[in-house]
Amino acid sequence: MKFRVERDVLAEAVAWAARSLPARPPAPVLAGLLLKASAGTLSLSGFDYEVSARVEVEADVEDEGTVLVSGRLLADISRSLPNRPVELSTDGVRVNVVCGSSRFTLHTLPVDEYPALPAMPEASGSVPGDVFAAAVAQVAIAAGRDDTLPVLTGVRIEIEGDTVTLAATDRYRFAVREFLWKPEVSDMSAVALVPAKTLLDTAKSLTSGDTVSLALAGSGGGEGLIGFEGAGRRTTTRLLEGDLPKYRTLFPTEFSAVAVIETAPFVEAVKRVALVAERNTPVRLTFEQDVLTLEAGSSDDAQATERLDARLEGDDISIAFNPTFLLDGLSAIDSPVAQLSFTTHTKPALLSGRPAIDAEANEAYRYLIMPVRLSG
Amino acid sequence: MTVWDDVVGQQRVVDQLSAAALAAGALITADPAEARPDSSAMTHAWLFTGPPGSGRATAARAFAAALQCVSPDRALGAAPGCGFCEGCHTTLVGTHADVEVVRTDLLTIGVKDTRDLVRRSSLTPAGGRWQVIVLEDADRLTEGAGNVLLKAVEEPAPRTVWLLCAPSLEDVLPTIRSRCRALVLRTPPAEAIADTLVRRDGVDPQMAAFAARAAHGHIGRARRLATDEGARTRREEVLRIPQMVSDIGGCLKAAQQLVDSAVEDARQVAEGTDAKETEELRAALGASGAGSRLPRGTAGVLKDLQDRQKRRATRTQRDTLDRALIDLAGFYRDVLAVQVGAATELCNAELRPTIDRFAASSTPEHTLRRIEAVLDCRRALDRNVAPLLALEAMTVSLRAA
């Protein structure tokens, strides 16, 4: 194998592909980066048994071939090479990297022990990279982290025609985000459960391209893989089996009260008051005639209260939340004004964002949060 | 060559597993529109049991390979498990994406390790076939860890298969046991082992026969005896112990000798594999040649490996002592066989004159008591008694009996 490639192109590609290499490789070969040169393109791939990453760049290929080299080392080297074309060639079991007057010789790893990379499913549609990354970040925050309940560690991606719905829950909150996309087939319908952490990393790493295309392999039957592609970079990841509980009925549609609060002062106040809330104790919110009173702590311990302007339509209500879950939601709505809708103090409340005090609530993102039941 | 070649003397089990792999293949290629093919031969959780050395883990790995076999011949009706295709090969070398082999160098597998397994078991396979989780030491699961696994083993994702290995059914929690299909491996007959040694390792037939007999059906041990001069010498030393224990001084010396040879054995095993493993990992991380600097941030990975190797050394030492004790028990078994005139083959036929002498100079009661002393010592070691003390106690009671 022998090819020439621009230094910046190589460094960027290697750095991206090497990101998905496992920090603690389960088998030595997985610390390797698979370089494949063929007809004008060079592809680099990494795999950690769960996520595969593959990037294609243009290269001046003289001899075709495949080689496996230590990804970490190649990333370090390509980052610090001088800005000249890089020539990579194999020589028996070694690889020579020549760039300007510097020259490196690397060991290769056995290619035949490298596991087969999962095949990229066919593209199902595309969406702007930043929209996708933002939507994923909003939803993944609510995903569970308990490995013994694997289903809840995933983000559910539901595709129905030109609408994509992302949903995640850890039983105490439920985040749902809808956005539009361009499907390949207009009447497409599919569901996939993707590990939240992986999805978050992937979405972030693909923001450089204009659009991200999503590819879903046949859903059900356990053959599930989901692929993401953007700007020559593609990753696949394994899906979780199972499905989230049916959530549409969990979201209340009729409310007894709707409160509208400016987000920034609300967040500050919750953070302050929460200082005296011990682990697992709630922050209490009392809405009375356009004044919101936040309280935390019990009479035996430290206590805090704070008053805040709020607009309330409907009945007065007193309700308590886990401050972390509330803050997560407030940061995820990403709007200057927050709208909280209540039914009763024992039923979940719905959090959504408003662009301004008097504007309509943005229904694309909804965050359902369970209250903490107060005794007495 | 097929993946089953390494599974020695277990034809019945191999037949059952081949049938299962075939049914599993049919499930994958089946057209979803048509009726599901008969899949009763395949199930989602298997428990491999059998005496140490019978090849439980080997059988499990072979089955995993057969499940991942992608040989083009399969479309023509060939049995799964060709041993050459990418699926088989990467499974056998341990790098297949969908085969997770869990083994431990520690004494137990705890809750923390199993949590991650539960998560993995609910993922879909990367290669579109089966996700196989091989738990080589299911007997070492703590009760808590077993309970974490219960749900995952009972109802795994549709394409996840659990392969658990344990010496006997009783070593696994009853709740786990009842969720698995049991497969019992027998002690492979000496002829089958000898045959494998000749065929695969090119061992001289006479040596192979000796090693197979001396290893009491332990395949790995037999290979080691047949190919490693040092292992044979150490075994001879162990078998000389019955003649050394005529006085207290001899007893203590014999015990010391046993411990020394176990340490030596562990060191030799370590020398062979540790250096190779370390070198492979260093190369993968990008350090070329011994002594060269590792890339930044990778020292931790190497340290993990070193810790693991250290733990393995401790376990090798224990295993070696245990094996020595089994050899010793085998000797007394032969003595007993001669004393009661049983018409079985002796494990140590080459020591016939010594055995006859022992048989003539003691009674079966004595011999039984001696065997009991050896087994007591194994139990003591199992409970973490200092090896030298336990062995001294044993050699002294060998003399007293």
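Author: A residue is buried if 20 or more other C-beta atoms, placed from the backbone, lie within 10 Å of its own, exposed if 12 or fewer, and partly exposed in between. This is a predicted model, where local features need pLDDT of at least 70. Residues are numbered from 1 along each chain, and chains are lettered from A.

Reader: So why is Q289(A) called exposed?
Author: Q289(A) has 7 C-beta neighbours inside 10 Å, and the cut-off for exposed is 12 or fewer, so Q289(A) counts as exposed. Q289(A) sits in the loop between β20 (283–288) and β21 (291–296) of chain A, and has a positive phi of about 45 degrees without being a glycine.

Reader: And what makes A39(A) exposed?
Author: A39(A) has 7 other C-beta atoms within 10 Å, so A39(A) is exposed too. A39(A) lies in the loop between β2 (32–38) and β3 (41–47) of chain A. Its phi is positive, about 30 degrees, and A39(A) is not a glycine either.

Reader: Why are α8(B) and α9(B) called oblique?
Author: Their axes cross at roughly 140 degrees. Under 35 degrees counts as roughly parallel, over 145 as roughly antiparallel, 65 to 115 as roughly perpendicular and the rest as oblique. The pair is therefore oblique.

Reader: Which class of residue makes up the contact of α8(B) with α9(B)?
Author: Residues meeting there include M207(B) in α8(B) and L225(B) in α9(B). The contact has eight nonpolar, no polar and no charged residues. Nonpolar covers Ala, Val, Leu, Ile, Met, Phe, Trp, Tyr, Cys and Pro; charged covers Asp, Glu, Lys and Arg; the others, Gly among them, are polar.

Note on methods: Predicted model: local features only at pLDDT ≥ 70, side-chain atom pairs only at ≥ 80, totals over all residues. Axes fitted to C-alpha atoms, helices over the stretch in contact; angles between N-to-C directions. Helix = DSSP H or I, 4+ residues; strand = E, 2+ residues; numbered from the N terminus. Contact = placed C-beta atoms within 7 Å.
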